[in-house]
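Subject: Structure handover

Hello,

Here is the structure I promised to pass on. Please open it and keep it beside you while you read my notes.

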Amino acid sequence: MSTTQSSKIEIINAPTSKINEVDFKNLSFGSVFSDHLFECDFKNGEWQQPVIKPYAPLLLDPSSRVFHYGQAIFEGMKAYKDENNDVWLFRPDQNYIRFNTSAVRMAMPEVPEDIFLNGLNQLLRLDEAWIKKGKGNALYIRPFMIATGTGVIANPSNEYKFMIILSPVSSYYSGDVKVIIAEHYSRAANGGIGAAKAAGNYAAQFYPTTLANKEGFQQIIWTDDATHTKLEEAGTMNVFFRINDTLLTAPVSERILDGVTRKTLIDLAKSEGITVEIRSVLVSELVEASKNGTLKEIFGAGTAAVVSPISGFSYQDVYHELPKIENTMALQLKTKLENIQNKLDADPFGWTVKV
């Protein structure tokens, strides 16, 4: 195992690579990880020496506050390899900004740009072989931070660990996605942490999602916590509705995550001359549009799934099947987005960043 220094980052190389043990044609999303990880600790009020080292388990004190008070945040990003074997990130500045927005909301220290982005770039260069070419292939990037300070007093931690791990991926969802509209459970509430990528947000939705799964639905469309009349997110994704030829999506708020894919699709749609309305969408409006035939599409949008078409929804025990149409708006936007991400089309927006 060799050790080197690179731009203030200590690099400890894995003695061997496990890449040849991986079947890249049959990947289960987020279950396989590359040879190395990035790690940097926050202690005594400042960030310590960052290190890239072999991927391995962590050793944490049982009283680490992440276990007791849930100070944990994360991001989701992807790296792509083009036909020239160059590696590209997609709007990494937006993930960096949102990560620190989440940190502030969870009373955690902000991560300096040099540590976050420089560390990520060097990690990607080291594990570049894990990024496979071709549309649908990518290296999923999971930056995260946890509270590692010890003691069970209910205060913010004084120590934290920031890490980045990498996972080769292909597709996320496959097959039809059917959803149920939430009538009781809520993903987030005003004044809460719905706009942060906090780990607890996802843990809290597992139970109602499990109930939906038992009824034959893959995900839930979440509604507002106060009245359950406004449509907000779909599972772990932002959600879009196409009524006639207008694309509708809810505005971001304290309850709704400011998704990078969401804002990208809005800009792409507008550039294609599609009418986009960013406003509250009522459950009653969706049901009525389904009944009168003006509801054409529903699709989720997020880094993992990119664009995930929804085939139908259930509300108050009534199932509404969406029409089968060719060349959907979801497919058009997904194709344009993936072509930009994979450098198959020009990027007039300046979203792609070379590693």
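**Strand 14 and its partners**

Ile243 of strand 14 has Thr246 as its bridge partner in strand 15. One caution before going on: this is a predicted model.

Start with that pair of strands. Strand 14 covers residues 237–243, and strand 15 covers residues 246–249. The two run antiparallel and are joined by four bridges. They form a hairpin, with two residues between the strands.

Now look at the turn. Asn244 sits there, in the loop between strand 14 and strand 15. Its phi is positive, at about 55 degrees, although Asn244 is not a glycine. Is Asn244 buried, exposed or partly exposed? Its relative accessibility is 41%, so Asn244 counts as partly exposed.

Strand 14 has another hairpin, made with strand 13 (residues 230–234). These two strands are also antiparallel, with two bridges joining them. Ala234 has Met237 of strand 14 as its bridge partner. Two residues lie between the strands of this hairpin, and Gly235 takes a positive phi near 60 degrees.

Which strand pairs with strand 14 over six bridges? That is strand 18 (residues 295–302), and the sense is antiparallel. Within this pairing, Val239 has Gly300 in strand 18 as its bridge partner.

How covered is strand 14? Mostly: seven of its seven residues are buried.

**The cores**

The largest nonpolar core has 50 residues. Phe38, Leu124, Ile141, Met145 and Phe162 have the most contacts inside this core.

Take Phe38 and see what surrounds it. Leaving out residues up to four places away in sequence, Phe38 touches Ile9, Pro50, Val51, Ile52, Ile115, Gly119, Leu123, Phe162, Met163 and Ile164. Another core lies apart from the largest one and has 23 residues, among them Tyr140, Leu268, Met329 and Ile340.

**The cavities**

How many cavities of 30 Å³ or more does the structure hold? It holds two.

The largest cavity contains about 120 Å³ of space. Its lining is made of 13 residues. Tyr80, Phe90, Thr261, Thr303 and Gln341 lie nearest its centre. By class, the lining has six nonpolar, six polar and one charged residues.

Which element gives the most to this lining? Strand 7 does, with three residues. Strand 7 (77–81), helix 5 (260–271) and helix 7 (329–341) each supply at least two residues.

The second largest cavity has a volume of about 40 Å³. Its lining residues are Phe24, Leu27, Trp130, Lys132, Asn137, Ala138, Pro168 and Val169. Six of these are nonpolar, one is polar and one is charged.

Begin with Met108. Its place is in the loop between helix 2 (92–105) and helix 3 (113–126). Is Met108 buried or exposed? Met108 counts as buried because its relative accessibility is 6%, and buried means under 20%. Setting aside neighbours within four places in sequence, Met108 is in contact with Gln71, Ala72, Ile73, Ala103, Met145, Ile146, Ala147 and Tyr160. Met145 has come up already, among the residues with the most contacts inside the largest core. Leu282 is 174 residues from Met108 in sequence, and the two are 35 Å apart in space, C-alpha to C-alpha.

Move on to Asn327. This residue lies in the loop between strand 21 (318–321) and helix 7. Asn327 is not a glycine, yet its phi is positive, at about 50 degrees. Its relative accessibility is 54%, so Asn327 counts as exposed. The cut-off for exposed is over 50%.

Finish with Gly350. You will find Gly350 in the loop between helix 7 and strand 22 (352–354). Gly350 is exposed, with a relative accessible area of 54%. How far is Gly350 from Phe67, C-alpha to C-alpha? The separation is 40 Å, and the two residues are 283 residues apart along the chain.

Best wishes

Notes. Residues numbered from 1 in each chain as written. Predicted model: local features only at pLDDT ≥ 70, side-chain atom pairs only at ≥ 80, totals over all residues. Heavy atoms only, no water. Core = buried A, V, L, I, M, F, W, Y, C linked by side-chain atoms within 4.5 Å. Buried < 20%, exposed > 50% of the residue type's maximum accessible area, 1.4 Å probe, protein only. Contact = heavy atoms within 4.5 Å. Pairing = 2+ DSSP bridges. 1 Å grid on protein atoms, 1.4 Å probe; cavity = no way out; pocket = protein on both sides within 12 Å on 5 of 7 lines; lining within 4 Å. Points joined across faces, edges and corners; volume = space filled by probe spheres on them. Nonpolar A, V, L, I, M, F, W, Y, C, P; charged D, E, K, R; others polar.
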